[in-house]
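This report describes the fold of one protein chain, from its overall make-up to single residues. The sequence and the model are shown first.

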Amino acid sequence: MSLGYVLKEGVAGLNRARLAAFTSVFSLFVAVLLVGVLSRVGYNAYEVMQILKQQVEVEVFLQNIDDRTSQEIRERIESESIVAELSYISRDSASKIFQQDFGIGSDALADLQFLPASYKVKIVEDAEIAQIDSLVQQVSSFSGVDEVRFNQALLQTLESRTETLFVIGGAIGAFILFVAMVLVFNTIRLTIYAKRDLIRAMKLVGATNSFIRRPFLVEGMMQGVIAGTAAAAIIFGLFEWVVPQFVPQLGVLSWPFGRWYFLLGGILLLSILMGWWGSRWAARKFIRETKVYTTN
């Protein structure tokens, strides 16, 4: 089968059922547009969550120990794989921080140097709560450590919200894409029904189902190309010009992986795949069910 014939029949299929084809293309367009917007917002929400997780620190308060013991504790903490950064706060530094935080009237208390020296531990981004909790328990048992503080509740909340965001977003996106694929399925079904006599004639002369099916697959993919291109253009214009102009607070949203073409290329590819899968689903089902009647 020549490529020219396949493309010609694919375009002809769009013309035969224009209303159904328009509905299918528009549905695919809305679906991938919403998925694209959800993807970008979700990506930025994930980045925000990661930044907040980086701000969660483990504070190790030391007893009144000598420098050698303090250095040993530092080395043991730094040897842990989930530790990204470690900073030491002396008693004098702690007093200055106390004065800055509480302002006027805190000088007298700061002069008493009642605050202990400590280490602030930053954890790697992909560390799990169980790993951090294990680190806290381990460091608490070190000789010379007075107390270890870690805001476990905050980290648990962040992880829970992140998981909920992805589950809900994924479910919504999957439902939208499924509905769009069903509409592509119905469009191709109508086209096949309109060409049922031609399909029977082709079967009579020996055409295989795969041979007959190819133009319908091209029709579905063309619907995906049209819908995906339109959705990619809208998303690019929306986040590059409209949002920064009218909602400047959201103008800082970044493109996934730092480049616009990753998301837009993914949207176009997803739209083509959805069009192809919907048309393949319909073509396999209804072409196989088209009966050939012969007279003896």
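Two residues are in contact when heavy atoms of theirs lie within 4.5 Å of each other. The coordinates come from a predicted model.

**Overall make-up**

The protein chain contains ten helices and four strands. Read along the sequence, these elements follow the pattern α-α-β-α-β-α-α-β-α-β-α-α-α-α. Of the 296 residues in the chain, 38% are buried. Among contacts with a separation of 6 or more, 83% are between residues 24 or more positions apart.

The four strands form an open sheet in the order β2-β3-β1-β4, and the pairing is antiparallel. Strands β2 (83-89) and β4 (145-150) stand at the edges with a single partner strand each, so one side of each has no neighbour in the sheet. On average, neighbouring strands are turned by 20° against each other, direction ignored.

Strand β1 covers residues 57-62 and is joined to β4 by five bridges, the two strands running antiparallel. Five bridges also join β1 to β3, again in antiparallel fashion.

| Residue | Opposite residue | Strand of the opposite residue |
|---|---|---|
| E59 | R149 | β4 |
| V60 | Y119 | β3 |
| F61 | E147 | β4 |

Helix α6 (residues 129-140) lies across β1, β2, β3 (118-123) and β4. Its direction is at about 165° to that of β4.

**Helix packing around α7**

How far apart are the axes of α6 and α7, and at what angle do the two helices pack? The axes are 11 Å apart and the angle is about 170°. Angles over 145 degrees count as roughly antiparallel, and α6 and α7 are therefore roughly antiparallel to each other. From α6 the contact is made by I129, I132 and D133, and from α7 by Q152, L155, Q156 and E159. By class, these are three nonpolar, two polar and two charged residues.

Helix α7 also packs with α2. The axes of α2 and α7 come within 9 Å and cross at roughly 170°, which makes α2 roughly antiparallel to α7. The residues of this contact comprise 23 nonpolar, eight polar and three charged.

T162 is a residue of helix α7. Is T162 buried or exposed? Its relative accessible area is 13%. The limit for a buried residue is under 20%, so T162 counts as buried. Leaving aside neighbours within four places in sequence, T162 is in contact with Y46 and M49. T162 and V48 are 114 residues apart in sequence, while their C-alpha atoms are 10.0 Å apart in space.

**The nonpolar cores**

The largest nonpolar core has 35 residues, of which I192, I212, F216, I235, I267 and I287 touch the most other members. At least two residues of this core come from each of α2 (18-55), α7 (152-194), α8 (196-204), α9 (209-246) and α10. Another core, of 26 residues, lies apart from it and includes V58, L62, Y119 and V136.

One of the residues that touch the most other members of the largest core is I287. Not counting residues up to four places away in sequence, I287 touches I192, I199, K203, N209, I212, R213, F216 and A282.

**S279 in helix α10**

S279 lies in helix α10, which spans residues 260-289. With a relative accessibility of 0%, S279 counts as buried. Which residues is S279 in contact with, leaving aside its neighbours within four places in sequence? They are V184, I188, F216, L217 and G220. F216 is also named among the residues that touch the most other members of the largest nonpolar core, and F216 is one of the residues touched by I287.

Note on methods: Residues are numbered from 1 along each chain as its sequence is written. This is a predicted model: local features need pLDDT of at least 70, side-chain atom pairs count only at pLDDT 80 or more; totals for chains, interfaces and linings use all residues. Side-chain values use heavy atoms; hydrogens and water are left out. Buried means under 20% relative accessible area, exposed over 50%, partly exposed in between (1.4 Å probe, protein chains only). A nonpolar core is a set of buried Ala, Val, Leu, Ile, Met, Phe, Trp, Tyr and Cys residues joined through side-chain atoms within 4.5 Å. Axes are lines fitted to C-alpha atoms, for helices over the stretch in contact, and angles run from 0 to 180 degrees between N-to-C directions. Angles under 35 degrees count as roughly parallel, over 145 as roughly antiparallel, 65 to 115 as roughly perpendicular and the rest as oblique. Ala, Val, Leu, Ile, Met, Phe, Trp, Tyr, Cys and Pro count as nonpolar, Asp, Glu, Lys and Arg as charged, and the others, Gly among them, as polar. Two strands pair if DSSP finds at least two bridges between them.
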